Amino acid sequence: MHNIRNIVVLTGAGVSVESGIATFRGPGGLWEGHRVEDVCTPEALRADPELVHRFYDLRRAALKQVAPNAAHFALAALDRAWKDELLIVTQNVDDLHERAGTQRLLHMHGALQSALCAECGIRTAHDGPLPPATLCTTCGAPALRPGIVFFGEMPYSMDRIGDAIGSCDLFVSIGTSGAVYPAAGFVEWANDCGAATLELNLERSGGSDQFDASRLGLASELVPAWVAEVLAQQ
Ligand code: APR
């Protein structure tokens, strides 16, 4: 790795597994016992708001039981030390990157500790249970829902992410299956823009063939090793 200045890192559920948070596509393809379509679509929210709100209430409450692992801390150390451009884009809705100290961070799929008003579209920080029909603190409508991007909805900050990928020299994907677009397409954008591309994942993923290199193993081991490598050449 030489002449790396601008870096984009994409993280997925695999980075939080060793903290005790289940992946989305675990055994049987279930997310904490539910089909993703039953808890993560606008249709599911309309059909059974109680179920969907309760599901995210449990996920939000579970954050109190977990802590960042060595992969989160290594990325936070990279953020502190890297002098050029760096953007860490996470698909995860947990708060483990920020609890490790990462600041240059975007939650493209939203965050458990946020609420979105279906009426006025304002997103606000939210902790604790969020029952259906909770009043929006901005517009007063009984329309707060979990601040999570559901399937079929546009992820956040796509313009900023596109700009960062367009000007990066290195794109690194960590702990993601490459099953969900648009994030699964970032490696292709990065390749088209001439960046080097590296995957760090437990196993080969849907997108492995598109990376210049894939390193297989645990995020808690691969990420600190890669961060040490990249900082050594800064
Ligand atoms: N270290 C590194 N990688 C790991 C580890 C680990 N300890 N454990 C699991 N993995 C890998 C798995 O092998 C898998 O390839 O992490 C990946 C997790 O894949 P998914 O469960 O599909 O999660 P992700 O890619 O983040 O999902 C993307 O899908 O459901 C939606 O919006 C949701 O953000 C989510 C998106």
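These legends describe close-up views of a predicted model. Local features need pLDDT of at least 70, side-chain atom pairs count only at pLDDT 80 or more, and totals for chains, interfaces and linings use all residues. Residues are numbered from 1 along each chain as its sequence is written, and side-chain values use heavy atoms, without hydrogens or water.

**View 1. The largest pocket and its lining.** A pocket is an open set of points on a 1 Å grid over the protein atoms alone, where a 1.4 Å probe fits and protein lies on both sides within 12 Å along at least five of seven lines. Its volume is the space filled by probe spheres set on the points, which are joined across faces, edges and corners. Here that space is about 780 Å³. Lining residues have an atom within 4 Å of a point. The largest pocket has 43 of them, with Ala13, Phe24, Arg25, Thr176 and Ser177 nearest its centre. β8 (196-201) and α8 (219-232) each give the lining at least two residues; strands are DSSP runs of E of at least two residues, and helices are runs of H or I of at least four, numbered from the N terminus. By class, the lining holds 22 nonpolar, 16 polar and 5 charged residues. Ala, Val, Leu, Ile, Met, Phe, Trp, Tyr, Cys and Pro count as nonpolar, Asp, Glu, Lys and Arg as charged, and the others, Gly among them, as polar.

**View 2. The ligand in the largest pocket.** More than half of the ligand's atoms lie within 2 Å of the pocket's grid points, the criterion for sitting there. Around the ligand are 21 residues, each with a heavy atom within 4 Å of it. Ala13, Arg25, Thr176, Ser177 and Glu203 come nearest. This shell has 8 nonpolar, 10 polar and 3 charged residues.

View 3. A polar contact is a pair of N or O atoms within 3.5 Å. The side chain of Thr176 places a polar atom 2.6 Å from a ligand oxygen. For Ser177, the side-chain distance to a ligand oxygen is 2.6 Å. The protein covers 94% of the 730 Å² of accessible area that the ligand has on its own (Shrake-Rupley method, 1.4 Å probe).

**View 4. The second largest pocket.** Its volume is about 220 Å³. Of its 16 lining residues, Ile21, Ala22, Trp31, Glu32 and Arg59 lie nearest the centre. The lining has 10 nonpolar, 3 polar and 3 charged residues.

View 5. Most residues other than glycine have a negative phi, and most peptide bonds are trans. Tyr181 and Pro182 are joined by a cis peptide bond, with omega about 5°.

Note on methods
Polar contact = N/O pair within 3.5 Å; in protein donor to acceptor, adjacent residues only side chain to side chain.
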